[in-house]
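Okay, thanks everyone, I'll keep this short. Let me put the model up, and then we'll walk through the charged pairs, the rings and the overall layout.

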Amino acid sequence: MGVLIALISTPMILNINAEESLGVSGSFAGMTFLMTPGETLENPKVDVIFFNTGKTDLTLELSAQAPIGFRFRFKETTVTIPLEGSLRIPIVLMTESDLAEGNYELSVTATIRNESGPSVNAFATLKARLTVI
């Protein structure tokens with residue numbers, strides 16, 4: 001069974017322009033996950049929360065960075081947050097049976113998407129740590 005061994009949540013606000021402003025927080029930020037190979041951690045308390053503090057609806061594309069042998073699962077990878085709204089995204093964490101023991105960095109990124117596609121300069125990232133035993 002996966003163990004959450006640290007919780008440090010640091011909210012942040014990303015002001016992109018006068019219309020778009022994205023806040024991000026959640027229990028994923030700053031956590032250290034202790035897992036074994038082949039394990040799935042589906043804890044409803046592991047999440048990221050996005051806040052739309054701008055003047056228009058925001059569409060976000062979610063992505064994750066992790067070592068080979070580790071996977072994230074989001075219910076959706078593209079989400080829209082209404083003006084002055086928020087959205088909580090639960091995260092499922094999975095280690096494959098051949099993931100080597102060690103310490104790894106994990107990250108979840110939300111990129112603001114507009115009519116022309118994902119923005120290169122408008123994103124927010126939360127990081128966590130994984131220890132495989």
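So, salt bridges to begin with: the count comes to five, where a salt bridge is a side-chain nitrogen of Lys or Arg within 4 Å of a carboxyl oxygen of Asp or Glu. Before I go through some of them, remember that this is a predicted model, where local features need pLDDT of at least 70, side-chain atom pairs count only at pLDDT 80 or more, and totals for chains, interfaces and linings use all residues. Numbering runs from 1 along each chain as its sequence is written, and side-chain values use heavy atoms, with hydrogens and water left out.

One of the bridges joins Arg 73 to Glu 42, with 3.4 Å between the closest N and O atoms. That pair links distant parts of the chain: Arg 73 sits in strand β8 (residues 70-73), Glu 42 in the loop between β5 and β6, 31 residues apart. Strands here are DSSP E runs of at least two residues, helices are H or I runs of at least four, and both are numbered from the N terminus. Glu 42 is exposed, at 55% relative accessible area, while Arg 73 is partly exposed at 38%. The cut-offs are under 20% for buried, over 50% for exposed, and partly exposed in between, with a 1.4 Å probe and protein chains only.

Next, Arg 113 and Glu 61 meet at 2.6 Å, N to O. Arg 113 is in strand β12 (residues 102-114) and Glu 61 in strand β7 (residues 58-65), 52 residues apart. And then there's Glu 105 with Lys 127, at 3.5 Å. Glu 105 lies in β12 and Lys 127 in β13 (residues 117-132), so this pair ties together parts 22 residues apart in sequence.

On to the rings. The whole structure has four aromatic pairs, meaning Phe, Tyr or Trp rings (the six-membered one for Trp) with centres within 6.5 Å; planes under 30 degrees apart are stacked, over 60 edge-to-face, the rest tilted. Phe 72 and Phe 74 are a stacked pair, 6.2 Å centre to centre with 15° between the planes, and both are buried.

What about the chain as a whole: how many helices and strands? Zero helices and 13 strands. Of the 133 residues, 43% count as buried.

Last stop, a loop residue. Val 46, between β5 (40-41) and β6 (47-52), is buried because its relative accessibility is 0%. Its C-alpha is 5.8 Å from that of Ile 91, 45 residues apart along the chain.
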